[in-house]
Amino acid sequence: MGPSTQEFEPSRDGEAWYVPAWLEAARPVLEFDVCDARSAQGRLEPRTKRVTLDDLVLFHGHVCDGLLRGAYAMRALGDVAFEGRPFDRTDLLVVSKNSPCLGDVAAYLTGGRGRFGTLRLDNDLGVGYVVRELSTGRTWEVREEPGFFPSLISEWEAALLDDSSGAPVTSSEKAELVAVNEARQWSWMREVLLASRPGDHYVVRSLDAAEIPEPLYEARRTDVVNREVRAPREYATPYEPLLGGATPRLGRVEGSTWEDRYDRGPTGPRVG
Ligand SMILES: [Zn+2]
């Protein structure tokens with residue numbers, strides 16, 4: 001296989017064609033407030049950001065049942081676990097099935113990442129997640145109700161991935177059946193999933209002592225280490241952003257004891 005020979009159309013500013021009009025009803029349901037550290041080595045930023053369905057699709061790359069089912073599951077979990085608080089992406093560990101679609105929802109909304117050991121894999125989870133709040137150890141599980149997603153579509157999803165010699169579908173059949181499969185997935189989302197609420201078919205429960213899989217790899221996540229550091233009382237940072245995104249005054253704060261302390265380097269004499 002070489003690079004694709006497909007002719008691509010250029011994208012146009014502000015055109016979110018990748019979120020089709022039939023998904024409109026999901027937009028208000030799938031809004032997630034998240035919070036993060038202000039900067040590398042920074043403290044926790046008190047203002048939240050809103051991740052939308054459009055953002056999820058843009059990150060993942062396409063609309064699919066896995067993305068929407070994952071987002072529904074995460075919305076149900078957030079409603080029960082966080083009770084109106086944002087998803088704190090500096091403080092969550094997530095376990096997901098190793099699905100391209102479910103794993104992307106997990107990573108984007110919780111901040112969990114394989115390289116920090118905070119996105120772990122468990123294929124027995126099916127469509128659902130385990131989420132642990134690292135600071136408290138509180139843990140929740142969400143699972144899709146068995147039978148909610150049609151087994152016929154699941155069977156075709158598996159068959160269309162089969163490239164063995166005994167595969168039930170020939171390549172010329174595949175051209176048609178991949179398209180039918182996509183239409184069936186999207187029809188199910190439009191007619192069944194979007195007609196339901198996240199808590200209807202995604203069941204959340206608190207776990208006492210969750211068996212969290214071992215990480216494949218673990219590293220210290222340096223951008224969240226200082227999440228509990230308080231705001232400065234003496235140093236007036238010129239980058240304190242206002243709600244509108246404006247910055248009040250830029251440049252070095254002249255005459256600041258703390259600027260002088262910084263200039264002396266980490267091992268230089270302390271203030272006072
Ligand atoms: Zn997908």
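# Notebook: helix packing and sheets

I began with helices H4 and H5: the axes of H4 (residues 151–159) and H5 come within 10 Å and cross at roughly 145°. The model I am reading is a predicted one. I looked up the handedness of this pair, and the crossing of H4 and H5 is left-handed. From H4, the residues in the contact are Ile-153, Trp-156 and Glu-157. From H5, they are Asn-181, Arg-184, Gln-185 and Trp-188. I sorted the residues of the H4–H5 contact by class and noted 3 nonpolar, 2 polar and 2 charged.

**Entry: H2 against H5.** I then went to the pair of H2 (residues 65–81) and H5 (residues 171–193). Their axes come within 9 Å, with a crossing of roughly 30°. Angles under 35 degrees count as roughly parallel, so I logged H2 as roughly parallel to H5. H2 brings Asp-65, Leu-68 and Tyr-72 to the contact. H5 brings Gln-185, Trp-188, Met-189 and Leu-193. By class I have 5 nonpolar, 1 polar and 1 charged residues for the contact of H2 with H5. I note that Gln-185 and Trp-188 of H5 are listed in the contact with H4 and also in the contact with H2.

**Entry: H1 against H3.** Next I took H1 (residues 53–60) and H3. The two axes come within 10 Å and cross at roughly 120°. H1 and H3 are therefore oblique to each other. On the H1 side I found Leu-56, Phe-59 and His-60. On the H3 side I found Cys-101, Asp-104, Val-105 and Tyr-108. The residues of this H1–H3 contact divide into 5 nonpolar, 1 polar and 1 charged.

**Entry: the sheet of 5 strands.** I turned to the strands. An open sheet of 5 strands has the order S5-S4-S6-S7-S8, and its pairing is mixed. Which strands are at the edges? I found S5 (119–121) and S8 (202–207), each of which pairs on one side only. Ignoring direction, neighbouring strands of this sheet are turned by 20° against each other on average. I checked S4 (residues 92–96) with S5: they run parallel and are joined by 3 bridges. I recorded Leu-121 in S5 as the bridge partner of Ser-96.

I then asked what H2 touches on this sheet. H2 packs on the sheet and touches S6 (128–133), S7 (139–144) and S8. The direction of H2 makes about 140° with that of S7. I also looked up H3 (residues 100–110), which lies across S4, S5 and S6. H3 runs at about 175° to S4.

Entry: I listed another open sheet, with 3 strands in the order S2-S1-S3 and mixed pairing. Its edge strands are S2 (49–51) and S3 (87–88), each pairing on one side only. Do S1 and S2 run parallel or antiparallel? I found S1 and S2 antiparallel, joined by 3 bridges. Phe-32 stands opposite Val-51 in S2. S1 (residues 32–35) and S3 run parallel and are joined by 2 bridges.

**Entry: domains.** Last I looked up the domain assignment of the protein. The assignment gives domain 1 as 21–148 + 197–207, and domain 2 as 234–260. I noted the separation of the C-alpha centres of domain 1 and domain 2 as 34 Å.

Terms used
Residues are numbered from 1 along each chain as its sequence is written. This is a predicted model: local features need pLDDT of at least 70, side-chain atom pairs count only at pLDDT 80 or more; totals for chains, interfaces and linings use all residues. Domain bounds come from an automatic or database domain assignment. Two strands pair if DSSP finds at least two bridges between them. Helices (H or I, at least four residues) and strands (E, at least two) are DSSP runs, numbered from the N terminus. Axes are lines fitted to C-alpha atoms, for helices over the stretch in contact, and angles run from 0 to 180 degrees between N-to-C directions. Angles under 35 degrees count as roughly parallel, over 145 as roughly antiparallel, 65 to 115 as roughly perpendicular and the rest as oblique. Two residues are in contact if their C-beta atoms, placed from the backbone, lie within 7 Å. Ala, Val, Leu, Ile, Met, Phe, Trp, Tyr, Cys and Pro count as nonpolar, Asp, Glu, Lys and Arg as charged, and the others, Gly among them, as polar. A crossing is left-handed if the near helix is turned anticlockwise from the far one by less than a right angle, and right-handed if clockwise.
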